[in-house]
Amino acid sequence: MLVDTATYAQINADLLQRRVTLVAVSKTKTAEQVKALYDLGHRDFGENYVQELMDKQAALPHDIRWHFIGHLQRNKVKKLIPFVYLIQSVDSLKLLKEINKHAGRAEKVIHCLLQVHIATEETKFGLDETELAELLGHLAANEKEMKWVSIKGLMGMASLTGDMARVRNEFRRLKAIFERVRTQISGFTILSMGMSGDYRIAIEEGSNLVRIGTLLFGERS
Ligand SMILES: *Cc1c(COP(=O)(O)O)cnc(C)c1O
């Protein structure tokens with residue numbers, strides 16, 4: 001099966017009712033699988049790798065809203081600018097400056113989320129609270145220069161653990177940071193947290209965008 005249609009219908013109806021955006025994470029899956037979900041009316045898809053995204057973007061309808069959710073290397077930013085809908089994984093000021101530079105050259109404002117490190121694991125990317133404060137300070141002090149990036153909210157990934165109380169606490173922390181930053185930036189509305197294994201908890205803790213792969217497309221090899 002290309003996509004689990006029954007699960008999609010169920011999750012989609014539930015999220016629609018809760019006004020939570022569903023981003024279908026299609027990394028490692030084929031363009032054919034993306035098209036199957038597209039044909040059911042879905043438009044928001046998430047990818048982690050630039051080259052894979054480029055290949056799918058070229059092969060698929062152009063009204064797909066492509067979310068970039070993986071670690072982004074600065075030398076690959078330029079390739080995303082022409083078509084990316086939302087870069088969810090801005091994890092350094094250097095990266096944000098690079099996005100701003102290429103967005104300015106293309107004269108196209110790029111919407112971004114700041115990825116915050118909430119997991120207690122070392123392996124996940126993201127800004128810690130000090131780096132987040134530094135980045136926000138830079139934006140506030142350089143509004144004119146940084147006008148080609150528009151910060152729409154935060155993204156975070158909880159620890160990969162069966163300890164759901166810990167996962168809940170990590171989401172709760174991100175929501176608190178989100179509420180604090182929200183007062184400083186206009187148009188700051190998106191809180192992206194929750195994946196296949198923890199999206200219900202994430203929504204209970206205030207998420208309004210979830211990124212789901214496995215439940216829709218099956219396990220990745
Ligand atoms: C892979 C990935 C997801 C989707 O994970 P699933 O467990 O398959 O739902 C969500 N967010 C990010 C950042 C990812 O890399």
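**View 1. Lining of the second largest pocket.** The lining of the second largest pocket divides into seven nonpolar, three polar and two charged residues. The model shown is predicted. L136, L139, A140, E143, M146, K147, V149, S150, I151, Q184, I185 and S186 line this pocket. Two or more of the lining residues come from each of α6 (129-141) and β6. The volume of the second largest pocket is about 350 Å³.

**View 2. The largest pocket.** This pocket holds about 620 Å³ of space. Its lining counts 32 residues. K27, N48, K124, M157 and M195 lie nearest the centre. By class, the lining has 14 nonpolar, 12 polar and six charged residues. β6 (149-157) and α7 (164-182) each give at least two residues to the lining. The ligand takes up the space of this largest pocket.

**View 3. The shell around the ligand.**

View 4. Which residue places an N or O atom of its side chain 2.6 Å from an oxygen atom of the ligand? That residue is S196. A polar backbone atom of G213 lies 2.8 Å from a ligand oxygen atom. R220 brings a polar side-chain atom to 2.8 Å from an oxygen atom of the ligand. On its own, the ligand has 390 Å² of accessible area, and the protein covers 92% of that area.

Conventions: Residues numbered from 1 in each chain as written. Predicted model: local features only at pLDDT ≥ 70, side-chain atom pairs only at ≥ 80, totals over all residues. Heavy atoms only, no water. Polar contact = N/O pair within 3.5 Å; in protein donor to acceptor, adjacent residues only side chain to side chain. Areas by Shrake-Rupley, 256 points an atom, 1.4 Å probe, with all protein chains shown as cover. 1 Å grid on protein atoms, 1.4 Å probe; cavity = no way out; pocket = protein on both sides within 12 Å on 5 of 7 lines; lining within 4 Å. Sits in = over half its atoms within 2 Å of the grid points. Points joined across faces, edges and corners; volume = space filled by probe spheres on them. Helix = DSSP H or I, 4+ residues; strand = E, 2+ residues; numbered from the N terminus. Nonpolar A, V, L, I, M, F, W, Y, C, P; charged D, E, K, R; others polar.
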